[in-house]
Amino acid sequence: MEQSTPTLLVIDDSPAIHRLLAVKLRDEGIEFIAALGGTEGIEIARNQKPSLILCDQNMPDMNGLEVVRALKSDPATMDIPLIMLSGEVATELKVKAFELGAMDFVPKPFDAAELRARIQSALRIDSLMKMLAQRAQIDGLTGLWNRARFNDALAAEVNQAERSGQTLSLALCDLDHFKKLNDTFGHQAGDAALVTFANKLQTAMRSYDVACRYGGEEFALILPGTEGDAAFVVCDRIRTSIEATSWSKYPGMAVTVSFGLTNSGLEGNTPEQWVAAADQMLYTAKENGRNRIELFSPERQDIRLAG
């Protein structure tokens, strides 16, 4: 995965501090963002999501503890690591900063070499934590996102679609007769079918689409900004591709997939209702012969079939 340049947001009312840090840390491969007060810093953090925040305690509009409290209580910024800077070194202040969620505390005047080391340490720790969190959301067999990631991603996309009025499509898909395939050709053949299908999903997806292994032989696709007809075309391309796959290692094996597709929730707009609508269509696809796609509409008049 390509690593982007880390960004450091410095929240301090002293322009001299900004200039000093820019000079002392210029060779660290870090992009600087400056905020001259707490209110400005909070707004920048929400909009730009920096890799790390340095925040001074003594500022005219908000003190550092107030900034930390605001950032750590906001879901949009609570995971951004933060180092407090302060000319005060009272134990009570340090304890309060850590209790509110600061990662580190550096007294002023600071030693540039020490601050540089603390910044790099904070960035490394945060990178490792994000890597571990990401790996915990990846399915070990297929390399796709897992059910936990799907739940988070769908909730975020449904919320975004509702706020922006943007279209959204959700598909649940299931390998047909998977138990029979395992019983006939063995579990290695079943694993090969799952991995091959996952690879086809990844090939068909755009960078901002989300493909997940929903569980067992079932998968889920989240397609932001995609109307039902366009999502139908994507699903049908995947369906025909897996149907046409030859399995030289398992002669006689054929794999097909059924899809349930929706652009809305079932009697509501919660993530659970979106899943219910797609799941209803997947069940109907199975009932109607498998290897097909069914598209949900609230009126149940626009169901389209492929296969």
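## Asp12, a buried residue

Asp12 is buried, with a relative accessible area of 1%. That counts as buried because the cut-off is under 20%. The model is predicted, and the values here are computed from it.

Where does Asp12 sit? Its place is the loop between β1 (7-11) and α1 (15-24). Leaving out residues up to four places away in sequence, Asp12 touches Ile17, His18, Ala35, Leu36, Asp56, Met59 and Lys108. Not every residue is within reach. Asp12 and Glu162 are 150 residues apart in sequence, and their C-alpha atoms are 37 Å apart in space.

## Leu36, a partner of Asp12

Leu36 is one of the residues that Asp12 touches. Leu36 lies in the loop between β2 (31-35) and α2. Is Leu36 buried, exposed or partly exposed? It is partly exposed, with a relative accessible area of 46%.

Which residues does Leu36 touch, not counting those up to four places away in sequence? They are Asp12, Asp13, Pro15 and His18. His18 is also in contact with Asp12. Now take Asp61. Leu36 and Asp61 are 25 residues apart along the chain. Their C-alpha atoms are separated by 9.7 Å.

## Glu157, on helix α6

Glu157 lies in helix α6, which covers residues 147-164. Glu157 is partly exposed, with a relative accessible area of 21%.

Glu157 has contacts of its own. Leaving aside neighbours within four places in sequence, Glu157 is in contact with Leu168, Ile222 and Pro224. How far is Glu157 from Leu36? Their C-alpha atoms are separated by 34 Å, and the two residues are 121 apart along the chain.

## The whole chain

How many helices and strands are there? The chain has 10 helices and 10 strands. Its radius of gyration is 25 Å, well over the 19 Å that the globule rule gives for 307 residues, so the chain is more spread out than a compact globule. The C-alpha atoms fill a box of roughly 75 × 45 × 30 Å, taken along the principal axes.

Of the 307 residues, 46% count as buried. The accessible surface of the chain comes to about 15500 Å². Carbon and sulfur atoms account for 50% of that surface. Among contacts between residues at least 6 apart in sequence, 63% join residues at least 24 apart.

Next, the charges. The chain has 31 positive and 42 negative side chains. The centres of the two sets lie 5 Å apart.

## Backbone details in the loops

Which peptide bond is cis? The bond from Lys108 to Pro109 is cis, with omega near -5°. Pro109 lies in the loop between β5 (104-107) and α5 (112-135).

Lys49 has a positive phi of about 50° although it is not a glycine. Lys49 is found in the loop between α2 (38-48) and β3 (52-56). Lys49 is partly exposed, with a relative accessible area of 43%. Asn291 also has a positive phi of about 50°, and it is not a glycine either. Asn291 lies in the loop between α10 (271-287) and β10 (293-295). Is Asn291 buried or exposed? At 14% relative accessibility, Asn291 counts as buried.

How many disulfides does the structure hold? It holds 0. Cys212 is in no disulfide, and the nearest cysteine sulfur, that of Cys173, is 10 Å away. Cys212 counts as buried, at 0% relative accessibility.

A disulfide needs the two sulfur atoms within 2.5 Å. Cys235 counts as buried too, at 0% relative accessibility.

Terms used:
Residues numbered from 1 in each chain as written. Predicted model: local features only at pLDDT ≥ 70, side-chain atom pairs only at ≥ 80, totals over all residues. Heavy atoms only, no water. Buried < 20%, exposed > 50% of the residue type's maximum accessible area, 1.4 Å probe, protein only. Helix = DSSP H or I, 4+ residues; strand = E, 2+ residues; numbered from the N terminus. Rg over C-alpha atoms; globule rule 2.2 N^0.38 Å. Contact = heavy atoms within 4.5 Å. Areas by Shrake-Rupley, 256 points an atom, 1.4 Å probe, with all protein chains shown as cover. Lys, Arg positive; Asp, Glu negative; His and termini not counted. Charge placed at Lys NZ, Arg CZ, Asp CG, Glu CD.
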